[in-house]
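Here is a short report for a first look at this structure. Keep the sequence and the 3D view at hand while you read.

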Amino acid sequence: MINDILLSSNKAKGRRPYFLEDKAVERVLNITMAVASEVAVMHERLDTIERLLGSKNILQTYEIETFTPNPDEAEERQRWHATYVARVLRIVQQELEALQQDPENNRSMEDIAEELGRI
Amino acid sequence: MESQTKTPAINLPPVYSLIGKHDVFPEMSHDETARYNFLANLNRHLSTVVAPANKIAFEKRVQPNFIKENGRDFQTRDEVKEAIKHDSQYQTWAALRRSQMEMRQQAGRSMTLRQAEDLAKKVAELTAKSPNTLILNENVKTPYYLEIMDNHCMPGSYHTELFEGDVSNAANYDSGLFVTSGGMLGKLTDGGGKAISSWVISNAPNFKPKRILDIGCGLGHNTLPLATAFPDAEVIGIDTGVPMLRYGHARAVALGITNVKFMQLNAEDTGFENESFDWIQSTMFLHETSTKAMQNIGSEIFRMLKPNGLSLHIEQPQYTPEMPLFEQFIRDWDAFNNNEPFWGAMHEVDMTKWLMSAGFKKEHLLQFGAKSINDNEDHTKPKPVEVEDHGRTAIWNVFGGWKK
């Protein structure tokens with residue numbers, strides 16, 4: 001058996017060109033585009049489900065469009081959005097925290113290691 | 001007064017479910033099909049929305065800055081390449097386009113690799129139905145120009161077999177052409193082969209080829225239209241990539257095309273007899289060779305061609321001094337960034353000289369344009385305005401000649 005998961009993402013023979021000034025940004029761009037692709041795939045799958053449900057008269061698209069959640073449902077959904085966006089933007093939040101932190105709480109491990117080795 | 005900007009009509013690529021499937025075609029799940037739909041749309045967006053801005057950025061910023069700094073305009077496309085590197089619009093387009101190409105390989109290969117063993121089995125079954133029309137020869141080695149990097153950034157390229165009989169890359173190539181070309185090559189991605197055979201039928205009505213050779217045939221997607229257009233001819237496709245030949249042969253059997261044979265041979269030295277073919281064709285092949293190989297191929301073609309025989313080659317337009325440097329640069333982009341390194345050198349070759357050095361006479365040379373014959377187009381709908389995406393459109397330059 002071949003390892004199709006790793007083989008699928010093999011690098012092609014020949015050096016990969018980078019175009020952005022910062023390689024790290026291009027790396028993130030590539031990861032983001034892959035995630036964008038999977039969101040599109042999920043959207044198409046959901047669309048298929050909605051259409052199949054519609055064709056079987058189980059659910060019509062207008063029911064989705066006109067759906068109004070009750071207050072509890074609405075709060076649950078908003079909470080989901082808030083959790084989701086915070087998860088996605090984790091690193092931004094952490095960088096903000098670092099800015100606001102007392103420098104004592106934001107020391108480098110090299111610095112701490114040096115101190116712990118000394119004391 | 002309000003200024004009105006003309007927005008081109010939305011030009012959607014055909015949905016992937018329109019692709020022509022056959023018995024050896026990989027099985028695709030709902031999500032794998034959806035992934036290809038995303039990639040075709042990303043490709044279309046990049047080529048119609050993002051790519052055109054490269055030229056604007058070039059004219060507004062890159063060129064004026066260069067002139068200001070150097071007191072002169074660009075003289076070579078390499079200078080353009082060097083200067084545009086620092087432009088943010090270009091960087092964005094290039095990074096996204098490279099990413100799209102890698103994603104396309106990943107999407108296709110993850111789909112074919114998970115079923116690699118089933119694909120090999122299907123191919124073996126179809127091969128058994130017509131064992132004499134696939135002739136492999138283990139003495140034919142992968143040429144250096146294919147070995148040195150993976151063409152089109154397809155990991156493993158045309159020649160790698162992960163196990164005996166593996167055709168996963170060939171199936172990946174077959175499935176993905178529809179995505180990278182936005183369906184412009186038709187349901188079976190045979191628009192090039194169809195275009196050339198229809199040109200021959202209309203422009204040389206008395207030419208009745210009995211034996212046709214397609215060099216660098218790959219999986220035969222442009223070979224089969226020749227066999228269909230000339231059912232009385234014996235058509236032979238040659239290539240060095242074993243998985244491509246195995247898959248292409250099984251594909252031809254699956255499509256019920258019987259007058260075609262696939263052989264593992266190097267076009268530089270085929271071993272075919274002198275004057276044994278009426279027509280020798282290559283379609284988007286020469287740019288994947290090298291200068292020396294091209295010389296050898298030219299002589300080999302002339303040797304194999306019967307008197308009054310025809311040889312034609314489909315490529316993108318040659319770079320001429322009249323072609324703007326920006327256009328040359330952008331056409332050359334894939335050479336460096338989609339692993340087709342001979343692209344630029346090949347498009348600079350003087351084809352008249354190449355054909356004449358092979359033995360063709362000047363007065364019998366041919367050159368014309370050809371456009372893909374595309375059965376994906378809905379001819380009842382108005383055609384949206386096409387945005388030129390240099391080197392990535394299915395409009396070709398054909399050159400060749402009659403051996404007289």
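## Helix 1 of chain B

Which residues of helix 1 of chain B are buried? This is a predicted model, and in it the buried residues are B:Glu32, B:Ala34, B:Arg35, B:Tyr36, B:Phe38, B:Leu39, B:Ala40, B:Leu42, B:Asn43 and B:Ser47. They pack against helix 4 and helix 7 (168–180) of chain B. They also pack against helix 2 of chain A.

The length of helix 1 of chain B can be checked too. The helix covers residues 30–50, which is 21 residues. At 1.5 Å a residue, helix 1 of chain B should span 30 Å. Its end C-alpha atoms are 29 Å apart, so the two values agree.

## Before the helix: B:Val24

B:Val24 sits in the segment before helix 1 of chain B. Is B:Val24 buried or exposed? B:Val24 has 26 other C-beta atoms within 10 Å, so B:Val24 is buried.

B:Leu119 is 95 residues from B:Val24 in sequence, yet their C-alpha atoms are 6.9 Å apart in space.

## Where the chains meet

Chain A puts 24 residues in contact with 27 residues of chain B. On the side of chain A that touches chain B, two or more residues come from each of helix 1 (4–8) and helix 2 of chain A. Helix 2 of chain A gives the most, with eleven residues. By class, the residues on this side of chain A are eleven nonpolar, seven polar and six charged.

Take one helix pair between the chains. The crossing is right-handed.

Which residues meet here? From helix 2 of chain A come A:Glu26, A:Leu29, A:Asn30, A:Met33, A:Ala34 and A:Ser37. From helix 4 of chain B come B:Ala95, B:Ser99 and B:Met103. The contact between helix 2 of chain A and helix 4 of chain B has five nonpolar, three polar and one charged residues.

Conventions: Residues are numbered from 1 along each chain as its sequence is written. Chains are lettered from A and ligands numbered from 1 in the order in which they are written. This is a predicted model: local features need pLDDT of at least 70, side-chain atom pairs count only at pLDDT 80 or more; totals for chains, interfaces and linings use all residues. A crossing is left-handed if the near helix is turned anticlockwise from the far one by less than a right angle, and right-handed if clockwise. Helices (H or I, at least four residues) and strands (E, at least two) are DSSP runs, numbered from the N terminus. Two residues are in contact if their C-beta atoms, placed from the backbone, lie within 7 Å. Ala, Val, Leu, Ile, Met, Phe, Trp, Tyr, Cys and Pro count as nonpolar, Asp, Glu, Lys and Arg as charged, and the others, Gly among them, as polar. The expected span of a helix is 1.5 Å times one less than its number of residues. A residue is buried if 20 or more other C-beta atoms lie within 10 Å of its own, exposed if 12 or fewer, and partly exposed in between; C-beta atoms are placed from the backbone.
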